[in-house]
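Subject: Structure handover

Hello,

Here is the structure for you to look over. My notes on it follow below.

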Amino acid sequence: RGAIINELELVECMKENIIAGAGLDTQEVEPPHPESEIWKLRNVFLTPHIGWRRLETRQRLVDMTTDNIESYVNGSIQNVINQNA
């Protein structure tokens, strides 16, 4: 997701109040360069890109994978995106 952010344009839009605020957990460059203007903006909230590292997140993934495999083995497929494919 960070690659879709043009940091220079975002900074300019934030300075000119074209965009009222931004909350980002990914950036164009992680972490942003120490001289980046993004650090100085009061209407930008930066959080670390660590959502995947939480134990609860990994446990949820394991539980979902287990449920999907058990359902498949029992002939009841879950999470079907295109059933006709």
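**Overall layout**

The chain has two helices and two strands. Helices (H or I, at least four residues) and strands (E, at least two) are DSSP runs, numbered from the N terminus. Along the sequence, the pattern reads α-β-β-α.

This is a predicted model: local features need pLDDT of at least 70, side-chain atom pairs count only at pLDDT 80 or more, and totals for chains, interfaces and linings use all residues. Residues are numbered from 1 along each chain as its sequence is written, and side-chain values use heavy atoms, with hydrogens and water left out.

pLDDT is the predictor's confidence in each residue, from 0 to 100. The chain averages 83, and 87% of the residues score at least 70. Confidence is highest in helix α1 (residues 7-15), at a mean of 89. Confidence is lowest in strand β2 (residues 44-46), at a mean of 86.

Of the 85 residues in the chain, 20% are buried. Buried means under 20% relative accessible area, exposed over 50%, and partly exposed in between (1.4 Å probe, protein chains only). The chain exposes about 7,200 Å², and carbon and sulfur atoms supply 55% of that area. Accessible areas come from the Shrake-Rupley method with a 1.4 Å probe; for residues, only the protein chains shown count as cover.

Contact means heavy atoms within 4.5 Å. Among contacts in the chain with a separation of 6 or more, 30% are between residues 24 or more positions apart.

**The salt bridges**

How many salt bridges does the count come to? The count is two. The rule is a side-chain nitrogen of Lys or Arg within 4 Å of a carboxyl oxygen of Asp or Glu.

Lysine 40 is exposed, at 58%.

**Asparagine 43 and valine 44**

Asparagine 43 sits in the loop between β1 (22-24) and β2. Is asparagine 43 buried or exposed? Asparagine 43 is buried, with a relative accessible area of 18%.

The side chain of asparagine 43 has two backbone oxygens to look at. The backbone oxygen of alanine 20 is reached at 3.3 Å. The backbone oxygen of methionine 14 lies 3.5 Å from a polar atom of that side chain. A polar contact is a pair of N or O atoms within 3.5 Å; within protein, one must be able to donate a hydrogen and the other to accept it, and residues adjacent in sequence count only if both atoms are side-chain atoms. Leaving out residues up to four places away in sequence, asparagine 43 touches Met14, Asn17, Ile19, Ala20, Gly21 and Ala22.

Valine 44 is in strand β2. Valine 44 is buried, at 9% relative accessible area. With residues up to four places away in sequence left out, valine 44 touches Met14, Ala22, Leu24 and Ile38. Valine 44 and glycine 23 are 21 residues apart in sequence, yet 5.8 Å apart in space, C-alpha to C-alpha.

**A backbone angle to check**

Most residues other than glycine have a negative phi. Asparagine 17 has a positive phi of about 60 degrees, although it is not a glycine. Asparagine 17 lies in the loop between α1 and β1. Asparagine 17 is exposed, at 60% relative accessibility.

Which residues make the nonpolar surface patch? They are Ile69, Tyr72, Val73, Ile77 and Val80, and the patch covers about 560 Å². Patches are made of residues with over 30% relative accessible area and no salt bridge: like charges are joined within 9 Å, nonpolar side chains (Val, Leu, Ile, Met, Phe, Trp, Tyr) within 5 Å.

Valine 73 is in helix α2 (residues 55-73). Valine 73 is exposed, at 65% relative accessible area. Serine 71 also lies in helix α2, but serine 71 is buried, at 15%. Beyond its neighbours within four places in sequence, serine 71 is in contact with Ser76, Ile77 and Gln78.

Best wishes
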